[in-house]
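Hello,

Here is the structure I promised to pass on to you. Please open it alongside this message, and my notes follow below.

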Amino acid sequence: MEPLQLFLVLLKDSALALGGLGSLPLLRQDLVATGVVTDAQLVEALAIGRLSTGPSGLWVVSLGYQMSGPLGAAIALVASSLPPLVILPATAVARRWLLSVPFAGLVRGAALATAGLLCATGVSLIAPAGDVPSWWQVAVGIAAAAFTYQGRLHPAVVVIGGAGLGILLAR
Amino acid sequence: MRELAKIFIAVGTQSVGGGTSVLLLLRRFLVEREHRLSEREFTEAWALCQLSPGIHLVALAGLLGQRIAGRRGVLVAVAGMMIPAATITAAMTAAYGLIAGEPIARAALAGMAPATGGMTLGLAIVLVNGARRHGLRATVDIALVAVAFAVLWATTLSSVAVIVVAATFGALFLGRERPTSPEGASE
């Protein structure tokens, strides 16, 4: 994928997402479904994003690096950093509108749809199409969902725990 | 300005594990330790950031940087937090790439895939809990989640279209209570 094309895809998907992981379903549709990256690369990027420092939305930088090396990482960094900054002029000129009832509804609608898309993406990462997961993989998925929902266990521990179980049980 | 840069670089390099730890460190450095902002200013900025597209913490860094040091503060805050963290992320990706083909890495991936899938599911549940309304209205909200799930799962329709349609629907019919999703938004 050409650098400009990569930048535009990442920029669009970041601009239409709520939160750092909100772009996951969009990027999966744009990049995995079209064969540009694999689901395995996507999982690696998500895991590294959880293990690294900074916002978890930086998983996109890992994905960019896998696609085009340091240039891809830089493109991903810029493309994912620009859309959130729209809040600066927005708060300056339309603060009252941002706090209006219709805008609250717009954010709620987008958040609920994003949640539905994330559910579908999460399930398909646990059980990819045409692939039956092992019992322990289903158990890992359920446990990871529960730990994330409760928020008591550090995300890096969940990823490392999954990797450790994989090494023990999948070899 | 140099002090501001140091704070955001420290946040970008010390916050392991994503949004919650970034948020905690920003608050600790800027509100509790350095007294650059009041608790109220920090909370108000965070509430506004939940309305931004993309990574909410980038919006927060920009807003806090602007409040402390104007336009230059935006650049210093965002670059200070993001560039070191992105460099660490790219370095970790490069390091993983060296062993990605090894059997042990493939076995680890077999466990990481359901773990990240489960974490994505968990985040979705947090997001729903933060955004849904209560009582009978919750039925409409859950139905919207189910429709979005079904569209991505069973059709080839664009996810972008799903979000745009849902946001329009939300603006017209779902705006009676403000969404509150601090945890989901922190991602």
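What follows is a short tour of the chains, their contacts and a few individual residues.

First, the ground rules. This is a predicted model, in which local features need pLDDT of at least 70 and side-chain atom pairs count only at pLDDT 80 or more, while totals for chains, interfaces and linings use all residues. Residues are numbered from 1 along each chain as its sequence is written, and chains are lettered from A and ligands numbered from 1 in the order in which they are written.

**The two chains**

Chain A has eight helices and zero strands, and its pattern along the sequence reads α-α-α-α-α-α-α-α. Helices here are DSSP runs of H or I with at least four residues, strands are runs of E with at least two, and both are numbered from the N terminus. Taken along the principal axes, the C-alpha atoms of chain A fill a box of roughly 55 × 40 × 30 Å. Of its 171 residues, 56% count as buried. A residue is called buried if 20 or more other C-beta atoms lie within 10 Å of its own, exposed if 12 or fewer do, and partly exposed in between, with C-beta atoms placed from the backbone.

Chain B also has eight helices and zero strands, and its C-alpha trace spans about 50 × 50 × 25 Å along the principal axes. Buried residues make up 52% of the 187 residues in chain B. Among contacts in chain B between residues at least 6 apart in sequence, 50% join residues at least 24 apart. A contact means that the C-beta atoms of two residues, placed from the backbone, lie within 7 Å.

**Domains**

Domain bounds come from an automatic or database domain assignment. Chain A is divided into domain 1 (3-126) and domain 2 (133-171), with C-alpha centres 23 Å apart. Four residues from domain 1 of chain A and seven residues from domain 2 of chain A make up the contact between them. On the domain 1 side, α3(A) supplies the largest share, three residues. In chain B, the assignment gives domain 1 (2-99) and domain 2 (103-186), and their C-alpha centres lie 25 Å apart.

**Where the chains meet**

How many residues of chain A are in contact with chain B? The count is 96 residues of chain A, touching 91 residues of chain B. On the chain A side, each of the helices α1 (3-15), α2 (24-32), α3 (39-51), α4 (59-81), α5 (87-98), α6 (101-126), α7 (135-150) and α8 (155-169) supplies at least two residues. The largest share, 24 residues, comes from α6(A). By class, this side of chain A has 62 nonpolar, 30 polar and four charged residues. In that count, Ala, Val, Leu, Ile, Met, Phe, Trp, Tyr, Cys and Pro are nonpolar, Asp, Glu, Lys and Arg are charged, and the others, Gly among them, are polar.

V43(A) sits in helix α3 of chain A and is buried, with 21 other C-beta atoms within 10 Å. Leaving aside neighbours within four places in sequence, V43(A) is in contact with L125(A), L109(B), M112(B), A113(B) and T116(B).

**The core**

The largest nonpolar core has 116 residues, and L60(B), A148(B) and A166(B) touch the most other members. Such a core is a set of buried Ala, Val, Leu, Ile, Met, Phe, Trp, Tyr and Cys residues joined through C-beta atoms within 7 Å. The largest share of this core, 19 residues, comes from α4(B). Beyond its neighbours within four places in sequence, A166(B) is in contact with G109(A), A110(A), L112(A), A113(A), L144(B) and A148(B).

Helix α4 (residues 56-99) of chain B spans only 33 Å between its end C-alpha atoms, whereas a straight helix of 44 residues would span 64 Å at 1.5 Å a residue. That expected span is 1.5 Å times one less than the number of residues. α4(B) has a kink of about 145 degrees, centred on A69(B). The bend at a residue is the angle between axes fitted to the seven residues ending there and the seven starting there.

H35(B) lies in the loop between α2 (19-33) and α3 (39-49) of chain B. Phi of H35(B) is near 55 degrees, a positive value in a residue other than glycine. H35(B) is exposed, with 8 other C-beta atoms within 10 Å.

Best wishes
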